[in-house]
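Dear colleague,

I am passing on the structure below, and I would be grateful if you read the notes that follow it with the coordinates open beside you.

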Amino acid sequence: TYTFTPTAGQCATTTTMTITINPLPPVVANATSTSICTGDLVTLTGSGATSYIWDNSVTDGVAFAPATTLLYTITGTDGNGCQNNDTITVFVVNCTTPPVSDFSASTTTLCLGDCIDFTDLSTGTPTGWTWYFFGAAIASSSQQNPTNICYNTAGSYDVALVVTNAFGQDSLFVSGFITVNPLPTVVANATSTSICTGDLVTLTGSGATSYIWDNSVTDGVAFTPLTSTNYTVTGTDGNGCENSDAINIIVNSLPTIIASNDTTICANEYAYLSANGGINYSWNNGLGNGQTQTVFPTTTTTYVVTGDDVNGCTSTDIVIVTIDNSTCFNIPNVFSPNGDGKNDTWVLRGIEQYPNASVKIFNRWGGEMYNSTGYSSPWDGSYNGTPSPTATYYYIIDLGDGQEPISGTVNIIR
């Protein structure tokens with residue numbers, strides 16, 4: 001709707017009028033046939049409008065005989081006087097001669113198990129087709145353009161096509177038209193199929209020219225699997241044919257090796273080491289193999305044990321043997337009770353750990369010089385208050401812990 005308003009000074013009044021815009025008609029060009037033989041009649045008609053005009057002197061709805069293949073244009077007019085166009089091509093062929101067979105394929109070189117499509121390229125307007133696919137899963141077809149023809153055996157195969165119409169037939173036989181290549185014999189390989197947690201493994205393919213693995217694996221590059229996994233490799237050969245193989249990598253847990261507890265000993269004492277959780281054990285520091293070891297360290301030493309299990313996986317643990325003489329029982333073999341404040345008594349370090357110990361001292365004739373239980377007062381080198389002379393004396397110490405008494409000599413130097 002449009003409104004007209006005059007400007008000041010014009011002799012007119014405001015007026016309104018409506019303009020209607022009609023759509024174009026959906027004109028469609030139709031034919032009784034779009035492919036005819038020379039001399040045949042064809043009728044062209046339009047639809048979608050109310051009246052029609054054709055080019056090339058064609059009258060709508062009136063049959064005529066086209067001389068050659070031609071494109072025809074129709075103009076249709078509807079009740080509102082609106083017009084639109086469409087076109088149609090009528091093919092005119094010589095149908096009085098037999099067809100000539102010809103064909104092509106989507107590919108002529110394929111891999112075992114592949115499927116291909118065939119296309120009829122015959123001329124002369126054939127009306128019947130008979131295909132022969134030697135070596136294919138489907139041996140023949142009557143379709144004009146057969147699809148999904150599969151070959152499941154490697155080799156070279158012939159293809160033939162026989163085409164016919166009302167005036168005769170023709171055939172085309174192509175020897176060795178199709179080449180079917182065998183699939184490569186792909187093999188998945190691994191440096192080991194049973195590994196331990198944290199170990200590296202390398203996967204490689206063989207039997208093709210290039211390889212792609214799943215699970216983000218690169219052919220020939222070592223990696224560390226986290227869990228037992230099945231890996232698949234796809235190999236491609238020089239013909240572009242592919243095949244696959246798989247390999248399972250087992251990841252075994254590490255054994256839990258438990259060594260004996262850390263221990264503290266005195267100098268010149270033995271320590272006993274042991275380990276559990278494996279099958280075989282080896283120790284450092286030259287100890288060799290064995291589940292248990294007896295050691296005689298001269299300083300604080302760390303011992304490392306490595307144990308393995310039935311899968312050959314290994315783990316380690318350590319034992320620290322500490323030398324600490326601060327509380328160790330020690331028997332000196334000499335002292336000098338001369339009143340200088342140094343070594344004036346026979347001090348038995350660590351004897352306090354044995355409150356029931358018995359200490360006896362004898363001279364060379366067997367006379368008892370000293371006798372004490374508990375050794376709370378160390379021997380000062382005297383007998384009944386009289387200093388004993390410089391000499392060698394003999395002692396017997398019974399620690400009272402069930403061990404054999406300890407005997408030896410001690411020298412007095414003045």
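Predicted model: local features only at pLDDT ≥ 70, side-chain atom pairs only at ≥ 80, totals over all residues.

Residues are numbered from 1 along each chain as its sequence is written, and side-chain values use heavy atoms, with hydrogens and water left out.

Strands here are DSSP runs (E, at least two residues), numbered from the N terminus, and two of them pair if DSSP finds at least two bridges between them. Strand S31 (residues 314–323) runs parallel to strand S25 (residues 263–265), to which three bridges join it, and Thr 264 stands opposite Thr 322 in S31. With strand S30 (residues 301–308), S31 is antiparallel and is joined by eight bridges; here Val 305 lies opposite Asp 317 in S31. The hairpin of S30 and S31 has five residues between the strands, and in it Gly 312 takes a positive phi near 80°.

Elsewhere, five strands make up an open sheet of mixed pairing, in the order S32-S38-S37-S33-S34. Its edge strands are S32 (334–335) and S34, each of which pairs on one side only. Within this sheet, S33 and S37 (residues 391–398) are antiparallel and joined by five bridges, and Ser 358 has Asp 398 in S37 as its bridge partner.

Asn 363 sits in the loop between S33 (358–362) and S34 (368–373). Asn 363 counts as buried because its relative accessibility is 16%, where buried means under 20% relative accessible area, exposed over 50% and partly exposed in between (1.4 Å probe, protein chains only). The side chain of Asn 363 reaches the backbone nitrogen of Trp 365 at 3.0 Å and the backbone nitrogen of Gly 367 at 2.7 Å. Leaving aside neighbours within four places in sequence, Asn 363 is also in contact (heavy atoms within 4.5 Å) with Met 369, Tyr 393 and Tyr 394.

On the surface, Met 17, Ile 19 and Ile 21 form a nonpolar patch with about 360 Å² of accessible area together; such patches are made of residues with over 30% relative accessible area and no salt bridge, nonpolar side chains being joined within 5 Å. Ile 21 belongs to the loop between strand S2 (15–17) and strand S3 (28–31), and it counts as exposed because its relative accessibility is 75%.

Methods
Helix = DSSP H or I, 4+ residues; strand = E, 2+ residues; numbered from the N terminus. Patch = residues over 30% accessible without salt bridge, like charges linked within 9 Å, V, L, I, M, F, W, Y side chains within 5 Å. Areas by Shrake-Rupley, 256 points an atom, 1.4 Å probe, with all protein chains shown as cover. Salt bridge = Lys/Arg side-chain N within 4 Å of Asp/Glu carboxyl O. Polar contact = N/O pair within 3.5 Å; in protein donor to acceptor, adjacent residues only side chain to side chain.
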